[in-house]
Amino acid sequence: MKSYIVGVGMTRFEKPETRDWQYWDMVKEAGTTALADAGISYADVQQAPVGYCFQASTAGQRAAYELGLTGIPVYNVNNNCATGSTALMMARQFVEGGISDCVLALGFEKMQRGALGGGADGGDFKTSPVARHYGIMAARHGFEMTPPTAQIFGDAAREHMERYGTTEAQLAAVGAKNHRHSVNNPYAQFQDAYTVDEILAAKAIHTPLTKLQCSPTSDGAAAAVVVSERFVEERGLGDKAVEIAAQSMTTDTEESFASGSCIDVVGQPMSREAGRQVFEASGVGIEDVDVVELHDCFSINELLTYEALGMCAEGESGKLVESGATTYGGKWVVNPSGGLISKGHPLGATGIAQAAELTWQLRGEAGPRQVPDARTGLAHNIGLGGAAVVTMLRRG
């Protein structure tokens, strides 16, 4: 069975503690918008997977109850930074498995200011789900007094520079591109453009990464209505429908840890395999994709993902972004929303927000950031610990 996104909505992504709202307010705003976009009511929704990382158990119910008290199953989803796309994947599986005709995927986060920690539970690093990942990092690079997530990705950047000659300017070019794209996105946390030189001159977080190459903590929510082909036909939603042509989730394998490389530990092998599965299942190659929303939690991860998805040869990603191939006028437009670096990164909402941006792009509704003639889009969402989700969307 086929599945389609027929309605999307999201809040503006905000700096934590700058807007007087609770997580259920965010979900009400995003969910109401998505339902209105689809032209349906919450009474039509049969199930709701809800993604978040920093609230208590059953917060998904508390949030969804703002949309209606219909008694439907609500699933609480937590998969680190890939949480939103995991909720979307559950919605797709419910529909394609014939269990439900209409599912609402929701994702939100209400975060604290400052950098994310290393994932330790109650301060005991030994019990952290990512202790193995950071152990690989420390064995090769030591451990510095810098934010742990920036550190592990920054060390991956150092390895890429040593191995392939990637430059700091090429890393900064990712940030410059994504900040430039966000100028036209009213949902973005930041809407300021910066030059490569300004990004290089910004505060160092973990060398070679500067502040303007790192995704910020954010508050916000996103929602997507996923339905069956039958539902599309019965409700006359063909003009709204964007097909989920293929989707795959992968988790860490032996390859993630065997090399002792941070490039592998932060998820490039997972991304490569998820992409391979999606290209095979959809019959669409990366060369046929028009627009990409990928997980640029740090500038290096955008470069690693170019290589994982086959957009360039291994080690050539710095040259690719520098060439202009991944912006307007190039072969692909990558992160027209501004990406995580500039749009923001409320963990539970990120993957669904990517799908919302692609839905608008494929419908031709993205306004001044519209990618001309976009018909096929790819989303990539990854969580350390680990999970990688790749989704292919297309418009007939």
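Predicted model: local features only at pLDDT ≥ 70, side-chain atom pairs only at ≥ 80, totals over all residues.
The chain exposes about 14,400 Å², and carbon and sulfur atoms supply 49% of this area. Residues are numbered from 1 along each chain as its sequence is written, and side-chain values use heavy atoms, with hydrogens and water left out.

**Overall form**

- The C-alpha atoms of the chain fill a box of roughly 55 × 45 × 40 Å, taken along the principal axes.
- Of the 396 residues in the chain, 62% are buried. The term buried means under 20% relative accessible area, exposed means over 50%, and partly exposed lies in between (1.4 Å probe, protein chains only).
- The chain contains 15 helices and 12 strands. These are DSSP runs, numbered from the N terminus: helices are H or I with at least four residues, and strands are E with at least two.
- Among contacts between residues at least 6 apart in sequence, 77% join residues at least 24 apart. A contact means heavy atoms within 4.5 Å.

**Cysteines**

- A disulfide is a covalent bond between the sulfur atoms of two cysteines. Here the term is applied to a pair of cysteine sulfur atoms within 2.5 Å, and the count by this rule is zero.
- The cysteine sulfur closest to that of Cys 81 belongs to Cys 297, and the distance of 6.4 Å is too far for a bond.
- Cys 81 is buried, because its relative accessibility is 13%. Cys 102 is also buried, with a relative accessible area of 0%.

**Selected helix residues**

- Gln 61 belongs to helix H2 (residues 59-64). Its relative accessibility is 18%, so Gln 61 counts as buried. Apart from neighbours within four places in sequence, Gln 61 is in contact with Val 74 and Asn 76.
- Val 265 is placed in helix H10 (residues 262-265) and is buried, with a relative accessible area of 1%. Val 265 and Arg 132 are separated by 133 residues in sequence and by 9.2 Å in space, C-alpha to C-alpha. When residues up to four places away in sequence are not counted, Val 265 touches His 133, Ile 136, Ile 152, Ser 256 and Leu 384.
- Ser 299 lies in helix H12 (residues 299-308) and counts as buried at 0% relative accessibility. Residues up to four places away aside, Ser 299 touches Leu 171, Val 174, Leu 209, Gln 213 and Ile 341. Between Ser 299 and Gly 84 there are 20 Å in space, C-alpha to C-alpha, and the two are 215 residues apart in sequence.
- Gln 354 is in helix H15 and is buried, with a relative accessible area of 1%. Beyond its neighbours within four places in sequence, the contacts of Gln 354 include Glu 293, His 295, Lys 343 and His 380.

**Backbone features in loops**

- Most residues other than glycine have a negative phi, and most peptide bonds are trans.
- The peptide bond from Thr 207 to Pro 208 is cis, with omega near 15°. Pro 208 lies in the loop between strand S5 (204-206) and strand S6 (209-210).
- Gly 385 and Gly 386 are joined by a cis peptide bond with omega of about 15°. The loop that holds Gly 386 runs between strand S11 (376-383) and strand S12 (387-394).
- Asn 335 is not a glycine, yet has a positive phi of about 60°. Asn 335 is found in the loop between strand S10 (333-334) and helix H14 (339-343), and is buried at a relative accessible area of 0%.
- Asp 373, a residue other than glycine, has a positive phi near 55°. Asp 373 lies in the loop between helix H15 (347-363) and S11, and is exposed, with a relative accessible area of 70%.

Methods
Areas by Shrake-Rupley, 256 points an atom, 1.4 Å probe, with all protein chains shown as cover.
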